[in-house]
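Take a look at the chain below. The walk starts at a metal site and then moves out along the chain.

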Amino acid sequence: MGDALFAAIRDIDRVAKKQRTCSAKTAQYLSQMEDEIRAAKAKLEKSASREEKKRLLKELHDKLLTLRLPGQIEDKQKEFYGSVSRLGKSVDKHFKSESFGDRETNLDDELLDKVIANHFFREGEPQLGQTFCEEANVSVSEDLKQSFLDMHVVVSELKNHNVLPALEWVKEKREEERASPLEFKLHSMQFLRLLGSQGCKVALNYARTNLSQFANTHMLEIRQLMGCLLYHNNIARSPYKELLSEMHWETLRHTFVRECCSTMGQACESPLLVASAAGSLAIPTLAKFATVMGKKQDWTTMEQLPVEIDLGHEFTFYSIFACPISRDQASRDDPPMMLLCGHVLSKQSVTKLNKSNSKPFKCPYCPSEQKFSDCVEISF
Ligand SMILES: [Zn+2]
């Protein structure tokens, strides 16, 4: 798999190189053509007689024909497309795994298109998103588009180290009077900016007004910020230089996007990115599995894989509950229920245990007895 991957990367590099040379050559031919046309135009403007103009145009026409510029541009295009099609063939050759590729997938095309469209808007590519929506015939609600646009205005301001639009957003959205860690981070970045650009007095005033409310929750960070006051002339060479790192701005942008998306009821990360990242993590195991299984078992039609692929903590989004009796995963219709003793079973299993409906039933794991009405539905 690794070798195939490197071979494919080499082929892709080759195509990229070809694209660069073809594009440079095409640009050169185009500018050559432009020069010829401009020169002819200048001559045409100077010439008075109709005959002369006719002759000049003929001259230009012949010149372009002898230079064969459009033909050469076409040749370069063909050369490039040829290398792209060779790349496709080479990828097919390197990643030969018939049983792996043959697996039937019941993808919901419309849902997939919606996820792709959503991705473009959330990544700040509204024009691309709009074109995609038109071509794929899907729609994204105007409200959501606007919210993503607003989010990106704030993000681009954060890229310029301007926290004010983000602070405004945070204040508008904050619940009751509770200030969030994001708000603290925004204020602390603004404090450092003011300290660098306008000096101690302005920064200290800013801290008094805006940072004091965080004394109970962020004292350690506030102490560090106050320490910076001692080095206000040269924080970059002080023990606090790490606070100026661009990494903090990056984290800030990321945190803002997460909070913003969660208020919109959107996933914190792009579902398309998460799905493709999870897929690329799972592919090596799947490919190995496909080879091991070989023709022994037709895994291409199995509903569930016989092996579990652990994608790590990053890809665990919520807890799941499997009933210890039925082994079924909890669902909306079959939620987990806690008995009086604290043991948890699925609702269906509890219903089965509660055969008589009136008499108390015994917990399968301990001697405790209870009625159905004593059990409570729980959610994680
Ligand atoms: Zn029990």
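**The zinc site**

Along the chain, the donors of the zinc ion are spaced as C-x1-H-x19-C-x2-C. This is a predicted model. The residues behind that pattern are Cys341, His343, Cys363 and Cys366. The cysteines coordinate through SG, the histidine through ND1, at 2.1 to 2.3 Å. The site is tetrahedral, with angles of 105 to 114° among the four donor atoms. For four tetrahedral donors, the ideal angle is 109.5 degrees.

How accessible is Cys341? Its relative accessibility is 31%, so Cys341 counts as partly exposed. His343 has a relative accessible area of 30%, so this residue is partly exposed too.

Now the domains. The assignment gives domain 1 (2-93), domain 2 (109-140), domain 3 (144-264) and domain 4 (318-380). The centres of domain 3 and domain 4, taken over C-alpha atoms, are 48 Å apart.

Next, residues 30-59. An unreviewed UniProt entry annotates them as "coiled-coil region". In the model, the span is 90% helix and 0% strand. Its end C-alpha atoms are separated by 18 Å.

Asn137 sits between helix H6 (126-136) and helix H7 (142-159). Its phi is positive, near 60°, and the residue is not a glycine. With 69% relative accessibility, Asn137 counts as exposed, because the cut-off for exposed is over 50%.

The loop between H7 and helix H8 (164-173) holds His161. Phi is positive here as well, near 65°, again in a residue other than glycine. His161 has 23% relative accessibility and therefore counts as partly exposed.

Key:
Residues numbered from 1 in each chain as written. Predicted model: local features only at pLDDT ≥ 70, side-chain atom pairs only at ≥ 80, totals over all residues. Heavy atoms only, no water. UniProt positions renumbered as here; feature names shortened; annotations may be inferred. Helix = DSSP H or I, 4+ residues; strand = E, 2+ residues; numbered from the N terminus. Domains from an automatic or database assignment. Donors = N, O, S within 2.8 Å, 3.2 Å for Na, K, Ca; no water. Tetrahedral: all angles 85-135°; square planar, octahedral: opposite > 155°, others 65-115°. Buried < 20%, exposed > 50% of the residue type's maximum accessible area, 1.4 Å probe, protein only.
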